[in-house]
Amino acid sequence: MIAVQGIAVSPGIAMGKALVLHSEDMSVPRMNISEDQIPREIARFEDGLTKTRADLLGIRRKISQELGREHSDIFNAHLLILEDRTLIEDVIARIKEDRVNTEYAFSSVIQKYFQAFSRIDDEYLKERVADIKDIGRRILQNLMGHSKDVLSDLKEQVVIVSHDLSPSDTATMNREQVIGFATDIGGPTSHTAIMARSLEIPAVVGIEGISKDVATGDYLILDGTHGVVVVNPDRETIERYRLEERKYVELNRELTKLKDLKAETLDHHPVELSANIEFPDEIPSVIAHGAEGIGLYRTEYFYLNRSDLPTEEEQYQAYKKVAEQMSEQPVVVRTLDLGGDKFLSSIELPYEMNPFLGWRAIRFCLARVDIFKNQLRAILRASSHGKLKIMYPMISNLEELLNANQILEEARQELRKEGIPFDENLEVGAMIEIPSAALISHILAKEVDFFSIGTNDLIQYALAVDRVNEKIAYLYDPSHPAILQLIKMVIDNGHANNIWVGTCGEMCGDPVLAILLVGMGIDEMSTSPLVLPKVKKAIRSITLRQAREISEEAMKFSTGGNIKKFVAERLREIMPELIEHL
Ligand code: PEP
Ligand code: MG
């Protein structure tokens, strides 16, 4: 049994078998099949071999033409392995006798060959090991397609262990069967972390080497609240965690009872509590956790996992569904926030050294007005079915905001001309997530109806700390005095211009930091539905006056660590139960 520590990003406890995904050598899940599925699995194996043979012949031809025969001859060895009767019969026997899926049967047979060849003390045969490895990977790729297919076709519950998970992996995976995530890299606001919270799946990120140290089939305990993963635990440890899990479920049940109560302080100061979503099918969870609206709908997920761009009509149907399901409650639809650690398969982007600082989000949309306007028209059309708002990501200067508003105005005029209805009073806002935008928020405030402070990025850009890099995660500090000053400045500038100011970063999901924001005067907070009840409980346990005093005092400290410690200590006096459980 070993226990490793990482960064806790999504609370809860998961216990089950590991499924390790390797980006380059692919991991293979074992699935048990019934007798009548045997012929289908054998046929899949034969198809996989045929396809691999065709691929290899194509490669051999190309190399022969470009580099000459002697270079292409190495593929003859690969082709021979592909035709090896013993290997083929071994795999078929496994499928029949062990009743397992093709990929698993093939992978275990090839491993056996691989080990046998590795042990032989002969230079020529040693070289064949690399061939076996290579051809084995090729066949597996053809059998499995892409790793995301493995994730969508899981037959048993697993804890996914991987170097990282791409947004497309998380978007396609079977959410019933994935009970936890553990990754080598990532920080609290990396997209793997955000997705895990959205999907309510316990997760730990930034555990260096976990994808190498754990093997598929190992039994894991993943404690997403404390950031610990225990590999092959003993009975006593399993029992201890079972007890913890029961306590966690109990606490959540208690908190969920607050669902229908208002998010207001003891002296009745309301704070709008909303939820962040990536997919429309998260709405039941939004409602179940008592959110008063959606403060951030990350629409870029709609563009993922497809070879073409979504049409205006498709987007309209999706946004309309969200608007209708939320009925009177507001939904802030953020326009396409492409880039950073979110890439779309349908759009070829040039390679960039610094994708977080690159051609992304509103910068991309202003350059591709066709894509941007399509989305704006779809949101406007859907606005006649509910209470939608539009929000632009990554605004860094006034010109970008004016340009975006100009394109929105064109979209409005087109729709008017076409006689298509939309909400003429739809609010338009800007995300404040770049320090330059915070510093000119008094200017930007004149052009919008609201601000939403994106602390995930604001922290990354203000402190120069890559939000997905676990090595510097210790520097990623929401309570850094510089961050608090920027936030306070945005809130004050917004209020001086009579607009409301919210935040949709993960920071407000921490009750201690949430109270700090309430004390600074924030009007709305939006975070993953999962953590909303805790935040609501904190808000309902304090007066606005107390929160203000705490924030004012906190701003006098010189370090983030001291600020957080001070606020936590004060809150421990005011709401001991809640702080105790965190
Ligand atoms: C943010 O940057 O704070 C934010 C909410 O947006 P995202 O996490 O999608 O970048
Ligand atoms: Mg952002």
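Two strands are taken to pair if DSSP finds at least two bridges between them. Helices (H or I, at least four residues) and strands (E, at least two) are DSSP runs, numbered from the N terminus. The structure is a predicted model, in which local features need pLDDT of at least 70 and side-chain atom pairs count only at pLDDT 80 or more, while totals for chains, interfaces and linings use all residues. Residues are numbered from 1 along each chain as its sequence is written, chains are lettered from A and ligands numbered from 1 in the order in which they are written, and side-chain values use heavy atoms, with hydrogens and water left out.

The chain is divided into domain 1 (2-23 + 150-241), domain 2 (35-144) and domain 3 (255-429 + 504-580), with bounds that come from an automatic or database domain assignment. The centres of domain 2 and domain 3, taken over C-alpha atoms, are separated by 49 Å.

An open sheet of eight strands with mixed pairing has the order β1-β8-β7-β3-β4-β5-β6-β2. From one strand to the next the twist averages 30 degrees; axes are lines fitted to C-alpha atoms, for helices over the stretch in contact, and angles run from 0 to 180 degrees between N-to-C directions. Five bridges pair strand β3 (residues 13-21) with strand β7 (residues 219-223) in the antiparallel sense, and A14 stands opposite L222 in β7. Helix α9 packs on this sheet, where it touches β2, β5 (178-183) and β6 (203-205), and its direction makes about 45 degrees with that of β2; contact means heavy atoms within 4.5 Å. Helix α11 (residues 235-256) lies across β3, β7 and β8 (228-231) and runs at about 115 degrees to β3.

A closed barrel of eight strands, with parallel pairing, runs β9-β10-β11-β12-β13-β14-β15-β16. Here the twist averages 25 degrees from one strand to the next. Strands β14 (residues 450-453) and β15 (residues 500-503) run parallel and are joined by four bridges, with I453 opposite T503 in β15. Strand β9 (residues 272-277) contains E272, which is partly exposed at a relative accessible area of 31% (buried is under 20%, exposed over 50%, partly exposed in between; 1.4 Å probe, protein chains only). The C-alpha atoms of E272 and E524 are separated by 4.4 Å, although the two residues are 252 apart along the chain. Residues up to four places away in sequence not counted, E272 touches E292, P330, D523, E524 and M525.

The magnesium ion (ligand 2) is coordinated by E433 (OE) and D457 (OD) at 2.0 to 2.1 Å. E433 lies in the loop between β13 (427-432) and α17 (435-439) and D457 in helix α19 (residues 455-463), so the pair ties together parts that are 24 residues apart in sequence. Donors are N, O and S atoms within 2.8 Å of the metal (3.2 Å for Na, K and Ca); water is not among the atoms, so sites may look incomplete. Both E433, at 1%, and D457, at 3%, are buried. Because eight of the nine residues of α19 are buried, this helix is largely enclosed by the rest of the structure. Its cover includes α9 (191-198), β10 (294-298), α17, β14, α20 (481-496) and β15.

No disulfides, defined as pairs of cysteine sulfur atoms within 2.5 Å, are found in a search of the whole structure. The sulfur of C365 is 16 Å from the closest cysteine sulfur, in C504, too far for a bond.
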